[in-house]
Amino acid sequence: KRLELAREKLRSAIQDELEPAVGAFRNGEKVRISFDAINNSVSIRGAPKGAAWSKEWAKEFDLNHPRDRNGSRLSDRYSTERVEEALNEYRFQCHEMDLAVKHA
């Protein structure tokens, strides 16, 4: 049940925060929501770096650069605090489920 709740919280955060940010981006750009299997994370990718309007876009949607599994900042990706918190909770619940199965 906890894993299902964490999954729903993550889905809601992505839908409420990342999808509108991608939808508001300029047409013709290959901005997308992407899953990173190595870091087990979801973020926005494809936004051009350094453009003034790109920075304004990130600020408008309260986007930040997430960190990878080693704590390094991923400057080519964007996320929000809510999405990152939901991802962390989901990862934790997956880990707890894995431990429960191993010790059953």
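**Getting the layout**

Starting at the N terminus, the elements of the chain follow the order α-β-β-α-β-α. That makes for 3 helices and 3 strands in the chain. Keep in mind that this is a predicted model.

**Exercise 1. Find where confidence is lowest and where it is highest in the chain.**

Start with the overall picture: the chain has a mean pLDDT of 91, with 97% of its residues at 70 or more. Then go element by element. Helix α2 (residues 52-60) has the lowest confidence, at a mean of 86, while β2 has the highest, at 96.

**Exercise 2. Work out the strand order in the sheet, and say which strands stand at the edges.**

Step one: the 3 strands line up as β1-β2-β3 in an open sheet, with antiparallel pairing. Step two: β1 (32-36) and β3 (77-78) each have a single partner strand, so they stand at the edges with one side left without a neighbour in the sheet.

**Exercise 3. Trace how β1 pairs with β2, and look at the turn of the hairpin.**

Next, pick out individual partners. R32 sits opposite R45 in β2, and F35 has V42 in β2 as its bridge partner. Finally, check the turn: 4 residues lie between the two strands of this hairpin, and N40 in the turn has a positive phi of about 50°.

**Exercise 4. Describe how α1 packs against α3.**

For α1 (residues 2-24) and α3 (residues 81-102), the angle is about 160° and the axes are 9 Å apart. Angles over 145 degrees count as roughly antiparallel, so α1 is roughly antiparallel to α3. As for handedness, α1 passes α3 in a left-handed crossing.

Now for the residues. On the α1 side, those in contact include L3, A6, L10 and I14; the α3 side includes V83, L87, Y90 and M97. Sorted by class, the contact has 12 nonpolar, 2 polar and 7 charged residues.

Notes:
Residues are numbered from 1 along each chain as its sequence is written. This is a predicted model: local features need pLDDT of at least 70, side-chain atom pairs count only at pLDDT 80 or more; totals for chains, interfaces and linings use all residues. Side-chain values use heavy atoms; hydrogens and water are left out. Two strands pair if DSSP finds at least two bridges between them. Axes are lines fitted to C-alpha atoms, for helices over the stretch in contact, and angles run from 0 to 180 degrees between N-to-C directions. Angles under 35 degrees count as roughly parallel, over 145 as roughly antiparallel, 65 to 115 as roughly perpendicular and the rest as oblique. A crossing is left-handed if the near helix is turned anticlockwise from the far one by less than a right angle, and right-handed if clockwise. Contact means heavy atoms within 4.5 Å. Ala, Val, Leu, Ile, Met, Phe, Trp, Tyr, Cys and Pro count as nonpolar, Asp, Glu, Lys and Arg as charged, and the others, Gly among them, as polar. pLDDT is the predictor's confidence in each residue, from 0 to 100.
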